[in-house]
Amino acid sequence: MTDAQPTPYADRAAVHEQHLDGFGTVRILPLDPTEDATRVHGWVSEERAAFWGMNGLTRDQVADVYAHMATLDTHHAFLVVKDGEPVALLQTYDPAADRVSECYDAEPGDVGVHLLLAPAGAEGARPGWTAALSGALMTYVLLGLDRTRIVVDPDVANDKAIARFLKQGFTAGPAVVLPEVDLPDVYLPEKKAQLAFLRREVAFAGRPTRRPPTT
């Protein structure tokens with residue numbers, strides 16, 4: 001009888017862990033700029049991730065971007081793991097400290113979210129999979145962080161992403177142009193985005209909206 005193999009990423013502390021019946025266990029881990037750089041570089045280098053703004057960067061440059069982000073109090077990056085398998089890159093940020101604040105009137109309790117899903121595996125797209133994963137992420141972002149409204153800014157041409165947000169209860173805001181950011185530690189090109197918003201009472205309609213216990 002062989003010893004059980006350790007679960008991948010089990011040695012890394014999660015900011016949120018949630019088991020979803022029929023789906024699996026979702027863990028949200030603070031991104032390790034060094035350990036996760038190769039995997040994240042592979043994701044952000046794909047053409048489908050062009051709106052992420054990192055196409056053309058080397059692995060080391062991607063690591064540097066996230067190492068810089070780790071020094072900030074306003075922007076945070078996470079690796080999302082389902083049953084030990086990395087499935088998404090999640091970023092949260094304070095909209096008041098981000099260029100998006102130039103494009104809408106931020107409210108107290110707002111939290112910005114960027115989500116990049118990993119490429120579909122050999123089994124291809126799975127109906128309901130993204131919705132289930134998003135449910136765990138919204139629990140962390142809205143309840144775990146005690147925020148009242150999520151702000152997202154998908155590419156204005158990404159009809160699939162926009163439709164997915166609207167199906168999840170988001171309300172469409174204006175289409176905007178996010179201004180270029182050119183700083184010594186970070187460069188972000190101008191982007192055309194569709195803003196959308198989700199309030200906590202909508203996301204958890206009919207369900208408790210207390211902060212979940214820390215795991």
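## Salt bridges and a helix contact

Colleague: Quick one to begin with: is K82 buried or exposed?

Modeller: In this predicted model, K82 is buried, because its relative accessible area is 16%, and the cut-off for buried is under 20%.

Colleague: And which residue does K82 pair with in a salt bridge?

Modeller: The partner is D83, and the closest N and O atoms of the two residues are 3.2 Å apart. D83 itself is partly exposed, with a relative accessible area of 46%, whereas K82 is buried.

Colleague: How many salt bridges does the structure hold?

Modeller: There are ten of them in the structure. Another one joins the side chains of D110 and R149, with an N to O distance of 2.9 Å.

Colleague: Where do D110 and R149 lie, and how many residues apart are they in sequence?

Modeller: D110 belongs to strand 5 (residues 110–117) and R149 to strand 6 (residues 149–152), so this pair ties together parts that are 39 residues apart in sequence. As for accessibility, D110 is buried at a relative accessible area of 4%, and R149 is buried as well, at 7%.

Colleague: What about R200, which side chain does R200 meet in a salt bridge?

Modeller: R200 meets the side chain of D146, at 3.0 Å from N to O. Because R200 lies in helix 5 (residues 200–203) while D146 lies in the loop between helix 3 (129–144) and strand 6, the pair ties together parts that are 54 residues apart in sequence. R200 counts as buried at 17% relative accessibility, whereas D146 is partly exposed, with a relative accessible area of 42%.

Colleague: Changing topic to the helices, at what angle do helix 1 and helix 2 cross?

Modeller: The axes of helix 1 (residues 37–44) and helix 2 (residues 59–69) cross at roughly 105° and come within 9 Å. The two helices are therefore roughly perpendicular to each other, since angles of 65 to 115 degrees count as such.

Colleague: Which residues make that contact?

Modeller: On the helix 1 side the contact is made by A37, T38, V40, H41 and V44, and on the helix 2 side by R59, V62, A63 and Y66.

Colleague: And how many of the residues in the contact of helix 1 with helix 2 are nonpolar, polar or charged?

Modeller: The residues of that contact divide into six nonpolar, two polar and one charged.

Notes:
Residues are numbered from 1 along each chain as its sequence is written. This is a predicted model: local features need pLDDT of at least 70, side-chain atom pairs count only at pLDDT 80 or more; totals for chains, interfaces and linings use all residues. Side-chain values use heavy atoms; hydrogens and water are left out. A salt bridge is a side-chain nitrogen of Lys or Arg within 4 Å of a carboxyl oxygen of Asp or Glu. Buried means under 20% relative accessible area, exposed over 50%, partly exposed in between (1.4 Å probe, protein chains only). Helices (H or I, at least four residues) and strands (E, at least two) are DSSP runs, numbered from the N terminus. Axes are lines fitted to C-alpha atoms, for helices over the stretch in contact, and angles run from 0 to 180 degrees between N-to-C directions. Angles under 35 degrees count as roughly parallel, over 145 as roughly antiparallel, 65 to 115 as roughly perpendicular and the rest as oblique. Contact means heavy atoms within 4.5 Å. Ala, Val, Leu, Ile, Met, Phe, Trp, Tyr, Cys and Pro count as nonpolar, Asp, Glu, Lys and Arg as charged, and the others, Gly among them, as polar.
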